[in-house]
Amino acid sequence: MPTLATALLQGLKDHGARELFGIPGDFVLPFFKIIEESGILPVFTLSHEPAVGFAADAAVRYRSGLGVAVVTYGAGAFNVVNAVAGAYAERSPVVVVAGAPGARERASGLLLHHQARSVDTQFAVFREITCDQAVLDDPATAPQEIARVLRSARERSLPVYIELPRDMVDAEVAPVPVLPPRNAEADALAECAEEIVAMLGRAASPVVVVDVEVRRYGTEPAVATLARRLGIPVVTTFMGRGLLQQAPDVLRGTYLGSAGDPAVTRLVEDADALLLLGVILCDTNFALSEKRFDWRHTVLAIDRSVRVGHHVYPDLPIEELIAALLARTEGDAAPKPRALPPFEAYPRGLAAEDRALTPTDIATALNDLFDRHGAMPMASDIGDCLFTAMEIDNTALAAPGYYAGMGFGVPAGIGVAAATGQRPLILVGDGAFQMTGWELGNCRRYGLDPIVVVFNNASWEMLRVFQPESKFNDLSDWNFAGAAPALGGHGERVTTPKELVAALEAAVARRGVFSLVEVMLPRGVTSRTLGRFVSGLKSARDRQ
Ligand SMILES: Cc1ncc(Cc2c([C@H](C)O)sc(CCOP(=O)(O)OP(=O)(O)O)c2C)c(N)n1
Ligand SMILES: [Mg+2]
């Protein structure tokens with residue numbers, strides 16, 4: 001019989017995990033020993049638990065399956081809370097495996113090191129930011145508990161919490177089963193799909209809007225096929241940027257309301273039927289909408305339910321809905337695709353001039369770079385770097401576009417590199433780099449060589465655009481390029497388009513170490529997209 005540690009690792013692998021991210025501590029040392037000796041899953045240790053959570057989150061955003069963060073009790077687990085909260089908000093199935101005291105320690109009558117309020121405070125905190133939880137304190141039930149929780153993570157695409165008391169690691173247990181998926185009730189699925197097909201058939205200008213769940217359940221190709229077959233254009237939300245990058249023939253851009261491409265805004269807001277697939281109805285996606293949804297002609301499929309008009313079909317997985325829509329439109333002669341408005345082209349052709357740089361210059365230089373060398377998977381932090389990413393041609397992107405927690409970018413890039421073996425491009429502001437950029441020091445151990453573009457305006461610039469009078473947004477210049485060699489990478493500071501183009505070319509050619517390109521930006525200069533966002537928010541506030 002396997003031990004609980006090996007059964008848990010094999011169970012994680014059987015449910016889609018392909019690596020672990022973590023930082024050990026005495027409450028998980030025995031488990032880390034089995035992780036290392038069993039080789040069931042590779043483990044990447046990082047330097048601070050927020051990064052462990054961000055890396056696990058980004059890994060599963062790119063590869064689907066499960067992301068896994070292994071942390072010690074208390075100090076480690078509480079450190080990863082913010083990253084898990086962001087994964088919950090953005091529907092990323094991260095499994096938190098947290099160490100905990102053993103039975104004898106619990107009964108010692110002493111307050112335990114790393115304990116907060118009570119021994120169970122850790123469990124109570126994670127119950128708020130995960131969709132399912134298990135405490136593995138009984139060998140007889142542990143395998144079923146693990147299977148239940150891992151199925152919840154996959155079905156809901158949300159984080160889950162597994163507490164592993166350190167005296168249970170070597171307990172003999174049965175293998176962890178893979179429980180059967182809970183499918184939709186067939187009649188409900190049929191009725192829902194027929195109702196949606198009829199609504200789309202009556203519409204003259206329907207639009208499909210996609211967001212993260214379309215990626216989480218691996219349905220992008222099916223959505224593209226449905227859109228082609230019905231001749232319906234697809235747009236992403238801000239949070240869904242980077243989806244359907246393999247389907248440029250149906251993808252018409254990213255909807256940003258009044259901050260976005262007017263042609264995309266008109267397409268969505270003039271639509272007479274909206275099919276919202278996997279869409280998070282949040283402020284960063286829709287705060288700048290100039291029109292409210294007309295729910296009589298709107299469908300929203302997310303979190304295993306489907307709202308059609310003013311009624312809801314519960315317990316209906318999105319991947320089954322999309323398959324049912326395809327099945328009901330098989331052989332449909334796609335109507336002649338409507339002539340769609342021209343779309344704002346992404347900026348290209350950065351002239352190698354000697355002048356100050358703007359964030360949109362970075363987008364232009366990267367579009368040119370991707371044209372020359374092929375697109376790279378991207379990870380972005382929050383800040384103007386993410387708004388600038390909206391001006392980079394639609395390439396795969398992992399970014400906290402809704403939860404908007406800083407510190408995501410660099411660890412996410414490391415997670416993408418570890419999970420996919422691809423070389424990522426990381427976009428990060430100087431403020432966010434101060435939080436987690438130092439994780440680049442871990443690239444050397446794992447032979448990772450991301451390209452990192454630091455938007456250095458020596459400022460919390462996003463806050464300055466909302467509150468320009470505050471001096472606390474002024475940061476000092478930390479000279480990140482100068483620090484790069486000490487972290488095992490290469491750093492270069494650029495101040496002009498000419499220098500930027502050359503530095504990016506050199507970074508692409510340089511392999512085996514991370515390349516940090518520190519782009520000096522004047523304070524007060526933002527990307528075109530952020531500028532539109534801020535004026536859109538201000539006029540939305542004036543309208544209230
Ligand atoms: C963990 C964390 N702390 C604070 C914030 C608030 C915040 C922003 C959001 C609005 O909440 S944007 C921003 C400044 C970002 O500075 P930098 O990385 O240099 O990027 P840029 O200069 O492009 O703004 C902060 C502090 C946050 N989102 N996440
Ligand atoms: Mg900044």
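These legends go with close-up views of a predicted model. Local features need pLDDT of at least 70, side-chain atom pairs count only at pLDDT 80 or more, and totals for chains, interfaces and linings use all residues. Residues are numbered from 1 along each chain as its sequence is written, chains are lettered from A and ligands numbered from 1 in the order written, and side-chain values use heavy atoms, with hydrogens and water left out.

**View 1. The chain splits into three pieces: domain 1 (4-168), domain 2 (186-329) and domain 3 (359-534).** Those bounds come from an automatic or database domain assignment. Taken over C-alpha atoms, the centres of domain 2 and domain 3 sit 31 Å apart.

View 2. On the domain 2 side, Phe238, Arg241 and Ala259 supply 42% of the area buried against domain 3, more than any other three residues. Counting contacts (heavy atoms within 4.5 Å), 19 residues of domain 2 touch 16 of domain 3.

**View 3. Same interface, now for its polar side: five residue pairs are in polar contact, both residues at pLDDT 80 or more.** A polar contact is a pair of N or O atoms within 3.5 Å; within protein, one must be able to donate a hydrogen and the other to accept it, and residues adjacent in sequence count only if both atoms are side-chain atoms. Salt bridges across this interface come to zero, where the rule wants a side-chain nitrogen of Lys or Arg within 4 Å of a carboxyl oxygen of Asp or Glu.

**View 4. Asp430 and Asn457 carry a "binding site" annotation in the unreviewed UniProt entry.** They span 28 residues in sequence, yet no two of their C-alpha atoms are more than 7.0 Å apart, so they gather at one spot. Asp430 belongs to helix H18 (430-436); helices (H or I, at least four residues) and strands (E, at least two) are DSSP runs, numbered from the N terminus. UniProt positions follow the numbering used here, feature names are shortened, and annotations may be inferred rather than shown by experiment.

**View 5. Glu90 and Arg61 form a salt bridge, with their closest N and O atoms 2.7 Å apart.** Glu90 lies in the loop between helix H5 (81-89) and strand S4 (94-100) and Arg61 in helix H3 (49-63), so the pair ties together parts 29 residues apart in sequence. The structure holds 35 salt bridges.

Definitions and conventions:
Buried area is the accessible area (1.4 Å probe) that two parts lose on being put together, summed over both.
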